[in-house]
Amino acid sequence: MNVAVCSYGAGNVRSVVVAFERLGVTAAVTSDPRDVVFADLAVLPGVGSAASAMEGLRERGLDEALRERVAGAGPTLGICLGLQLALEETEEDGGIAGLGLLSGRAVRIRDGRVPRIGWATVQPGGEAFYFAHSYAVETAAATARSEGIVAVAEQGSFVGVQFHPEKSGVAGARFLERCLSRA
């Protein structure tokens with residue numbers, strides 16, 4: 001199994017690699033577009049600012065690599081900021097265009113505490129995952145929610161999650177195993 005974890009200047013790359021290693025899978029951190037296009041599974045992790053993250057993707061050619069990969073039905077996972085970047089747009093940083101891998105947009109959380117940090121149950125399924133975010137996804141591709149916020153969105157070969165499976169213990173490991181089984 002060949003897992004490519006996109007390295008583009010956003011945080012959280014190492015914890016994603018460690019989560020895959022715990023499952024017995026070697027995940028390579030890469031900024032090489034070819035590695036991303038040809039991997040069995042590509043992962044777009046992220047913690048940080050949407051504008052600087054998109055700039056990092058463009059500078060490395062990873063934006064086009066991800067578009068090519070998803071257009072070719074290559075399994076791709078977006079985590080937290082990675083999900084938000086996959087959308088058509090986000091209102092973060094004054095509004096920026098996203099990758100367009102998934103229809104919809106990210107908007108600042110308007111109700112409840114911001115940032116939303118902590119464990120929360122995802123429905124359907126009833127498992128708890130760890131969340132840390134200030135923006136929420138609005139998309140017709142939503143397949144699961146947590147406290148009224150989109151937790152999982154799927155479109156074509158792309159799956160995006162607002163939670164951090166790499167920080168979500170046993171439930172997160174089971175989720176990553178399901179992603180690997182799709183590859």
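A residue is called buried here when its relative accessible area is under 20%, exposed when it is over 50%, and partly exposed in between, using a 1.4 Å probe and protein chains only. The structure is a predicted model, in which local features need pLDDT of at least 70 and side-chain atom pairs count only at pLDDT 80 or more, while totals for chains, interfaces and linings use all residues. Residues are numbered from 1 along each chain as its sequence is written, and side-chain values use heavy atoms, with hydrogens and water left out. Helices (H or I, at least four residues) and strands (E, at least two) are DSSP runs, numbered from the N terminus.

**Strand β1 and its partners**

- Strands count as paired if DSSP finds at least two bridges between them; β1 runs parallel to strand β2 (residues 27-30), to which four bridges join it, and Val 3 stands opposite Ala 27 of β2.
- Between β1 and β2 the chain passes through helix α1 (residues 13-22) in a right-handed β-α-β crossover, a term that applies if, with the strands pointing away from the viewer, the path from the first strand over the helix to the second runs clockwise.
- Strand β3 (residues 41-44) also pairs with β1 in the parallel sense, over three bridges, and here Ala 4 stands opposite Ala 42.

**Helix α4**

- In helix α4 (residues 62-71) the buried residues are Leu 62, Asp 63, Ala 65, Leu 66, Arg 69 and Val 70.
- Viewed down the axis of α4, these buried residues fall within an arc of 165 degrees and so line one face of the helix, the arc being that of the directions from the helix axis to the C-beta atoms.
- Ala 73, which follows α4, has a positive phi, near 70 degrees.

**Backbone geometry in the loops**

- Most residues other than glycine have a negative phi, and most peptide bonds are trans.
- Val 114 and Pro 115 are joined by a cis peptide bond with omega about 0 degrees, and Pro 115 belongs to the loop between β7 (105-108) and β8 (116-122).
- The bond from Gln 123 to Pro 124 is likewise cis, with omega near 0 degrees, and Pro 124 lies in the loop between β8 and β9 (127-133).
- Asp 93, in the loop between β5 (89-90) and β6 (96-97), has a positive phi near 55 degrees and counts as partly exposed because its relative accessibility is 41%.
- Glu 147, in the loop between β11 (142-146) and β12 (149-155), has a positive phi near 55 degrees and is exposed, with a relative accessible area of 61%.
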